[in-house]
Structures are given as structure tokens and as C-alpha cells.
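Hi,

Here is the structure I said I would pass on. Have a look at it first, and then read my notes below.

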Amino acid sequence: MDDNFLLMLSGQKQLELLRKTNQYTQRFGLCLSEDQMQELMVTHMECLKEQQRVEFGGGITDKIIFAFCDSDYIYQDNYVETIERLEQIFYLYKNESMDEMTDDELLDVMRNAFDGPCQGSLEYLEETYLEKFAREIRANTRKYIGRYRKRDEQI
């Protein structure tokens, strides 16, 4: 199959997933226009490229939307920008935490911090809270031939 065809098919799948999020998020006063969905898809591809990640499946954007849409700190006027920034932060800290956590675990940490100590501040979430969190992960574990070992274990 042609690579362009696969990209087009993947884009259509992601667009359909984003359309489905509207059905859920409308109850929280949040809705994406077609242009905003396209913008989120472009941001998604840029994030993957910037963080040198490859993704199979529909992506993380819809999971971020579902995880954060009922936050008191997200409203229609900041919705798209917040989701874009959360996606950038997600991929950065997926790398910074050495993929030690599943996507859902990282999203859970991000959401709890965003609504809790960060009080909706994306800057605090990225530059302080998750930086410390990732540093602790890197300090306490390391990869060794596909397995995790505590720092003090003998090789």
C-alpha cells in the first residue's frame, strides 16, 4: 500500500474519533468545529515528529479530550489550545519518563495534577510537577534488556 494512502486513512480515523468526542463533551459545554479538529490533527503530527515518536492506532488526542473535558479549568474559549498543549506535554513526559507508564497512567497523573496542585496551570504542570515526577522515575528505575530493575540491584 502507498504510504500517502495509509496517512490519509489514519487521518480519517482520527477525524472520526474527534467527531465522536463532541457527542460526549457537549454536556460540559465543549465542542470542536471541523477546522479545530483539523488543527488538532496537525498538532498531533507535529508532536509526534518533535518528540520522535511513532504511533499506531487512533492517537492520544481523543483520550486527552475524554480525560480532561470535565475539568473546571477548561472551557470553550481555551479548549483547543489547552488540548494542544496537553498533547505536547503528554508526549514530552512520555519520553522523559522513559515510557515507564502506560498512556492511561500518565493521563491520570496529568489530570490529577492539573485539577489539584497545578490548579489548571499548564506551565506548572509541565515545568514543575511533571518535571519532578519524571526525574523521580528516572532516578528509581532503569531499563536493562527490556526489564526494569531497581537502581541498587546487581547486574
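A word on terms before the details: helices are DSSP runs of H or I with at least four residues, strands are runs of E with at least two, and both are numbered from the N terminus. This is a predicted model, so local features need pLDDT of at least 70 and side-chain atom pairs count only at pLDDT 80 or more, while totals for chains, interfaces and linings use all residues. Residues are numbered from 1 along each chain as its sequence is written, and side-chain values use heavy atoms, with hydrogens and water left out.

Start with the loop between helix H2 (34-50) and helix H3 (61-68), where you'll find glutamine 52. Its phi is near 55°, which is positive even though the residue is not a glycine.

Next is glutamine 119, in the loop between helix H5 (103-115) and helix H6 (122-140). Here too a residue other than glycine has a positive phi, about 45°. Glutamine 119 is exposed, at 57% relative accessible area.

Now for lysine 94, which sits in helix H4 (residues 79-96). Is lysine 94 buried or exposed? It counts as buried, because its relative accessibility is 6%. The lysine 94 side chain comes to 2.5 Å from the backbone oxygen of methionine 101. Beyond its neighbours within four places in sequence, lysine 94 is in contact (heavy atoms within 4.5 Å) with residues including Arg53, Asp99 and Leu106.

Cheers

Technical notes. Buried means under 20% relative accessible area, exposed over 50%, partly exposed in between (1.4 Å probe, protein chains only). A polar contact is a pair of N or O atoms within 3.5 Å; within protein, one must be able to donate a hydrogen and the other to accept it, and residues adjacent in sequence count only if both atoms are side-chain atoms.
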